[in-house]
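Work through the exercises below with the structure open. Try each task before reading its solution.

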Amino acid sequence: MVVCSFEHILVSFLVLVVVCAKAGLGITVGCTERERQALLRFKHGLVDDYGILSSWDKRDCCQWRGVQCSNQSAQVIMLHLPAPPTEIAGMYKSLKGEISPSLLELEHLTHLDLSFNDFERRPIPPFLASLTKIQYLNLSHANFTGRLPIQLRNLSNLLSLDLSFNDFEGRPIPPFLASLTKIQHLSLSDANFTGRLPSQLGNLSNLLFLDLSYNFGLLPENLEWLSHLSSLRHLDLISVNLSKAIHWPQAINKLPSLIHLNLPYCSLPPLTTPSLSPINSSAPLAFLDLSHNDFDSSIYPWLFNFSTTLVHLDLTWNAHLNGSIPYAFGNMVSLTFLDMSRNQLQGSIPEAFGNMTSLEFLDMSGNQLQGSIAEAFGNMVSLTFLDMSRNQLQGSIPEAFGNMTSLEGLYLDENELEGEIPKSLSNLCRLQQLDLQSNNLSGQLPQDFLACANDTLEFLFLTDNQFTGSSPDLIGFSSLQELNLDHNQLNGTLPKSIGQLAKLRVLDIGSNSLQGTISEAHLLHLSQLYYLQLSSNSLTFNISLGWVPPFQLTHLRLTSCKLGPRFPSWLQTQKQLIQLDISTSDISDVIPHWFWNLTSGICTFNISNNQITGTLPNLSSKFGYPLYIDMSSNYLEGSIPQLPSLLAWLDLSHNKFSGSITLLCTVANSYLVHLDLSNNLLSGELPNCCPQWKSLIVLNLENNQFFGKIPKSFGSLQLIQTLHLRNNNLIGELPSSLKKCKSLSFIDLAKNRLSGKIPPWIGGNLPNLMVLNLQSNKFNGSISPLICQLKKIQLLDLSGNNMSGTIPRCLSNFTAMTKKGTLTIAYNYTLGSPDGHFLDGSYVDRELVKWKGREFEYKNTLGLVKSIDLSSNKLMGEIPKEVTNLLELVSLNFSRNNLTGLIPTTIGQLKSLDVLDLSQNQLIGEIPASLSEIDRLSTLNLSNNNLSGKIPQGTQLQSFNASTYEGNPTLCGLPLLKKCLEDIAGEAPNVSNYEDPIQQDENDMWFYVSIALGFIVGFWGVCGTLLLNNSWRYSYFQFSNKIKDWLYVTTTINMARLWRRIQHPFISYFSMLWSIIKHGTNGYLNPNNSVLSTSYPRVKSNTPLPSCASYLLGKSYAPPLNLHTWTLRQILHILLLL
């Protein structure tokens, strides 16, 4: 009995030990069937396209993916099913469908993560609030929408809630979230919440992490509630508009535990009051991001409160942060990250920066920093990234940079640095990226250049400097991926060692002075190469016909390389080309058929400036994504084929294309920006399909044979900036629809047959017009004063028309002609297509300008040509003196008109004038003396006018040929042979020039011989004829008798009539003249040479009495006369009347 009792007790004890052991070891027997079925029902409500839940067929649900059970009770406590990412960035292997209520069977669930799945814009199910034991709930990036269920306030045990990246449709953040008093982590980022922030959030005293970022509609006016979050360590308010929260610094200072603060894109204004120092900060601020705000230098004092604790500081993109950098930054010795890029900082970088020896990342790029780089930078030996690009730094690169042996990225591009690359850079054995492009660096690149980094260097950018010598031999740089040496002065040949850089992807050595040949050896092992740029060198490709490259290029640019005369056969292996430029490559061949098989993916296609012949096939299916096509300056002929419908840029100029251009209307898209078909043999009427080219900026159809009128549909080109239609056969008036093209800067319609008046709306509706060329047309009428509203006009040419009237006096409103301009006239553009391809660029305009009697094409200096040409019209009146206010005018041509009056005396103000042509008018008076002050004047023509007096003295005016002044009978002085009276009177008799006696005798002899010959020919030519021909002799004397009788009768009658008329006025005139001779001119003459008739009532008041000379010459102007001259001329005038 005792033994049985003992055995029973022993068995019971062993069973108890086993049970306890199992419990202690965490050994479970699997999840309950109830929970297993609940999970299967949950799975049934989902769509699993990626097999994420494929393991959910085992018996034990605790072994299923994403399911975790309690070690003690085997009950499900965690459901962790965030969607895993795919190979494509930003894409996930998401579950879809809806959340089943069966999850309520998981009564012990404490952790639920369904993030990055797709619940197809369903609302968050309210029944989730019944999971009362839940502590961790993550529904972020799950495509939920609608209202946030109020039942969530019942989750009293919740420690972490993440609802970010959903869409709550612009609703405010619900205040009931403040009832989650245990919560420590709250993320509502990018959830489309708007309105004010509920101040009740300040009750979450246990909160450690708060993220409200990217809710663009939030407009908090007060952040005082933040001060109650005494435990808060991380605060993220990116892109929350805090422009009205002016006391934010004080609220931040009251967060004693705050370590991480993110406030970029918050529209934070400059600080207006001094900020308080941090109080009760047991864990001071270490991470601070204030980028992309509106701070100025007032932020510095608040920042320096954290000098000893800050580790990360980001101040980039603060538009008003200018001025010099304070030296106090040198006290931030704990900083490891500092970004002050893209501000307006000026002055030099303080040497105190050298004190920040813990700094690992420093970005000062995109400012206006000047001066040299201090040697103290060499103290920052912990730096791994240094960017000071896009500033105005000068001097040389310090040798001390060699001390920064941890440096991996060095960017000094786009500065004004000069000198050679310091040899100490060879110490940077960890260097991966070196960018020194766009400086003034010079010298030769040594062959051991950066030898220490030959295993680490990946990117080398030395573009746009002044490096000379041969290209460096980079053999051994096994990691090099990008090599950019373009736009330097490198010479010699390209080393074959380039072909050994097996990881090289980009090779750009364009725009140098390299020579020699390129063979297969240069490209032998470049299997990863996709970008090859060798343009603008003197390289010759010597590639065998059967060579197959090891690479597949996407970008190939070989401008000015010698590839011809045939198309390179190795090109047909390149099936992935996006950009192809083989312009100016000495190809004189017909385009082979295989060539069009390469273009299906090309976006930029340039075969211009060759001698390519033949016709073009139908191009509508040859290009998949055509953005840019340039086949100009070849010998292509035939009609223009059907073009790709997505065309954005087309240049077929300077070829031999003929026929109409109606097929252009197949380019029915809004992406066409540039269309140039100039200098061909095209004919027909202009197409009427402009409304579909809504983005067109450049249209050039000049030098063809188009006829008819300019279509009214041109007015739909509302973005067009330059219009070239010169040298065609266009007729009719300018369509009024062009007034809608308010962006027009350039109009050239010269050498057509356009007629009518030049419309006044050009001045009122085209405010951006810089060039207007209407020369050699049939325009008539007067020049409207409204044209003076063209304040930006730089070149105005209305010559060779039938314009009449006077020149407007408002020309001084051409303000662009009063100040210096830019070198070129250029337009920026963006080429785009529906597939997302974009290319930014600019187009530099060009123009044929009539200059010194010839036409010259200007492009690179067109912006400096300020010119007015109104020649060869029928303009009358005086030259307006206002034109002399156009101080930067370079050329002025008013020739071949009917202009009268004086040359403005202020003409000398035009100091920039290079060409002045006033010839073949009726100008009178003297040449203004100020004209001799224009020292830049190289072409002058004043011929065939009625100018008088002496040519002003000055080396400038005397340097021109006599033809400059010919046709002005009363003009005298050098360079004319005619001397002025004062010059002759001033010559002494004994210094007269006597000709050689022998030469004088010879001249006299020829004089007498000429008289004798003239008499013989003249006398016998008339008298001999009358003697020999009886009928002529009879007719001659009969005609003489009739003339004599008519003269006698007419004279007798008119003399009698005149005597009766002027008997009384004749006596009055002589009485007046006698009084003037006796008493002088006082009271009888005014400044206009008019007789004042106070004493002679029979004479009209203020009536000019023309002088004899003026009367005979038909002029209304006479220079001022003295008393005797005036009296004599009036007597002659009266005698003529008699």
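**Exercise 1.** Decide whether Asp869 is buried or exposed.

Solution. Take the relative accessible area of Asp869, which is 4%. Buried means under 20%, exposed over 50% and partly exposed in between, with a 1.4 Å probe and protein chains only. Asp869 is therefore buried.

The model is predicted: local features need pLDDT of at least 70, side-chain atom pairs count only at pLDDT 80 or more, and totals for chains, interfaces and linings use all residues. Residues are numbered from 1 along each chain as its sequence is written, and side-chain values use heavy atoms, leaving out hydrogens and water.

**Exercise 2.** Describe the lining of the largest pocket.

Solution. A pocket is an open set of points on a 1 Å grid over the protein atoms alone, where a 1.4 Å probe fits, with protein on both sides within 12 Å along at least five of seven lines; lining residues have an atom within 4 Å of a point. Count the lining: 43 residues. Tyr628, Asp630, Asp651, Arg846 and Lys859 lie nearest the centre. Now find the main strand: strand 55 gives the most, with six residues. Strand 55 spans 838-844.

Methods. Helix = DSSP H or I, 4+ residues; strand = E, 2+ residues; numbered from the N terminus.
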